[in-house]
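Student: Please take a close look at one part of this structure: the sheet and the salt bridges around it. I would like one connected account.

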Amino acid sequence: MTWDVRAVLAAVCFGYPFVMAWYWMAGGLLFRYVRERHEPLPTLPPPLASHPLVSILVPCHNEENQAAETFGALSQIAYPNFEIVAINDGSRDRTGEILDELAAQIPQMRVVHLTSNQGKANALNAGALLAQGELMVCIDGDALLDAHAVTWFVRRMQSDGRLGALTGNPRIRNRGSLLGRLQVGEFSSIVGLIKRAQTVFGWIFSVSGVIVCFRKRAVHEAGWWSASTLTDDVELTWRLQLAGWHVEFEPQAVCWILMPETLRGLWRQRLRWSEGGTQTILMSLPKLVAEPVRHARGWPACINYLVSILWAYLICLGTLMWVVSRTGIPVIPFIPEFRILPEWAGLVLAVTYLLQALISLFLDRRFEKSLGRSFFWVVWYPLAFWSLQAITACVGLPHAIFRMRNPKGTWTSPDRGFA
């Protein structure tokens, strides 16, 4: 009995991240071999046969400190046919005034003012209704879009009419704190790798809301953005794919973003992601069950997420057992002691994550030449963020269940760090 319980607990706690690491590495390398091997360099986008109008949607709420930089970068887009639709979502600072001033200087820019804070989803819906282009690139109000990102999006959309959305490649630009550097490691060691693997295996869990391109017809068929979900980007990603559209990763479409650099900001962000992801799975699961064959590509992503929640609870339970066992109090009569870091498993995971980091740096080195300097932080990423993921998953599940009937339509300005 002792061996059975310990074996099950260890198999899930240490087996799940081990298996998933190899799953992501295999998918990332396949993506590299099939898609990226013959791709041109990111600084040299290929010529396009045509240049359809692209609408760039930028929802803004209290962005007076970031607006000039964000829209200044958009005015330098190296694509000949685009418009900018800025949506001022009831900002309480000078965002509205600044946007009007910028619109007077940037010919392609229009501004929509919403009288009250209605949330990012409603802001995007308002902008989409006014957008004249069939392709819509959406970025956050504090993001800096690479000059060639639109060209890469258009090129890929033109190559496949089944694509309903393309998620871009966000790169972190604020690295002045320990948390900032750890998140550089996160985005360098796992995010791009997961997006590549999910593209290969046929189902993206979520587009990056900070940099994504949608086909307007696909968004219309899927039902636009929903204001009743905590993470509208995750929920729309699933509805697009459930409607039959494909969603893929376009690593060449780069965008520079700001991430939280305080523990409070990071916790709030990751808890929101966890709640929103769980909420989306709970809403999508009945559709997967109703048509299991039609939505077969979505089952691996769904099962992985459900297993990740189970893993999170077992990790927290095992950690609690280990802490209590240090006091000498038997947690369970037939488990006198639980080891939170088994020697052989810990070594295997450490080697696996090191290999994962090396593969990720290999895949992303063409987009960010200085990644080698962040290798130290890449190595420490799993310890910090797998722990954070476990805690937020445990808290996020009950929050998501209780929030299902309590939609939120407003938003607040996120923690943007120190730099």
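Tutor: What follows goes from the sheet to a helix packed on it, and then to the salt bridges. The model is predicted. Its open sheet has 8 strands in the order E3-E2-E1-E4-E7-E6-E8-E5, with mixed pairing. At the edges are strand E3 (109-114) and strand E5 (144-145), each of which pairs on one side only. Strand E1 (residues 54-60) runs parallel to strand E4 (residues 135-139), and 4 bridges join the pair. Within this pairing, Ser-55 is opposite Met-136 in E4.

Helix H8 (residues 232-242) packs on the sheet and touches strands E6 (163-172), E7 (211-215) and E8 (246-257). The direction of H8 makes about 150 degrees with that of E8. Glu-235 and Arg-239 are both buried.

Because Glu-248 lies in E8 and Arg-35 in helix H1 (residues 2-36), the pair ties together parts that are 213 residues apart in sequence. Glu-248 is buried at 11% relative accessible area, whereas Arg-35 is partly exposed at 23%. Both belong to a network of salt bridges that also includes Arg-156. Arg-156 is one of the buried residues of helix H5, a helix (residues 149-159) in which 8 of 11 residues are buried. The whole structure has 10 salt bridges.

How values were computed. Residues numbered from 1 in each chain as written. Predicted model: local features only at pLDDT ≥ 70, side-chain atom pairs only at ≥ 80, totals over all residues. Heavy atoms only, no water. Pairing = 2+ DSSP bridges. Helix = DSSP H or I, 4+ residues; strand = E, 2+ residues; numbered from the N terminus. Contact = heavy atoms within 4.5 Å. Axes fitted to C-alpha atoms, helices over the stretch in contact; angles between N-to-C directions. Buried < 20%, exposed > 50% of the residue type's maximum accessible area, 1.4 Å probe, protein only. Salt bridge = Lys/Arg side-chain N within 4 Å of Asp/Glu carboxyl O.
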